[in-house]
Amino acid sequence: MVKNSFISVILQEEKEENKGSVEFQVFSFTKKIRRLTSHLQLHKKDFLSQRGLRKILGKRQRLLAYLSNKNGVRYKKLINKLDIREPKTR
């Protein structure tokens with residue numbers, strides 16, 4: 001499994017925050033997504049894990065949509081912190 005150094009830094013910051021906050025939930029889903037992605041690179045035919053990954057991706061997507069509607073500044077800060085989305089180039 002691949003460990004990212006920035007996840008451990010964010011984890012220490014998030015321990016002090018509310019665990020029910022949208023940011024913490026998105027962070028924990030992102031951690032699970034990265035773990036499942038590395039698992040699926042080794043086990044390509046693990047269809048149950050693929051289904052679980054799709055469910056977690058949908059949950060994270062809904063939470064991010066909620067956060068972007070409620071507070072755009074917190075949304076952009078979280079996206080930059082977790083490096084989830086790439087900037088759009090047109």
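Let me start with Phe 24, which is buried, at a relative accessible area of 15%. This is a predicted model, so please take the values as computed from it. Phe 27 is buried as well, with a relative accessible area of 2%. Both count as buried because the cut-off is under 20%.

Where do Phe 24 and Phe 27 lie? Both belong to helix α2, which covers residues 22-42. They are three residues apart, about one turn of the helix.

Now the rings. The count of aromatic pairs comes to one. Phe 24 and Phe 27 form that pair, with 6.3 Å centre to centre and 50° between the planes, and the pair is tilted. It is called tilted because planes under 30 degrees apart would count as stacked and over 60 as edge-to-face.

Next, helix α4, residues 72-82. Which residues of α4 are buried? They are Tyr 75, Leu 78, Ile 79 and Leu 82. These four cover an arc of only 100° around the axis, so they sit on the same side of α4. The other side of α4 has exposed residues: Val 73, Lys 76, Lys 77 and Asn 80.

Last, the two ends of α4. At the start, Asn 71 places a side-chain oxygen within 3.3 Å of the backbone nitrogen of Val 73. After the helix comes Asp 83, with a positive phi, near 55°.

Notes:
Residues are numbered from 1 along each chain as its sequence is written. This is a predicted model: local features need pLDDT of at least 70, side-chain atom pairs count only at pLDDT 80 or more; totals for chains, interfaces and linings use all residues. Side-chain values use heavy atoms; hydrogens and water are left out. Rings of Phe, Tyr and Trp (its six-membered ring) pair if their centres lie within 6.5 Å; planes under 30 degrees apart count as stacked, over 60 as edge-to-face and the rest as tilted. Buried means under 20% relative accessible area, exposed over 50%, partly exposed in between (1.4 Å probe, protein chains only). The arc is that of the directions from the helix axis to the C-beta atoms. A polar contact is a pair of N or O atoms within 3.5 Å; within protein, one must be able to donate a hydrogen and the other to accept it, and residues adjacent in sequence count only if both atoms are side-chain atoms.
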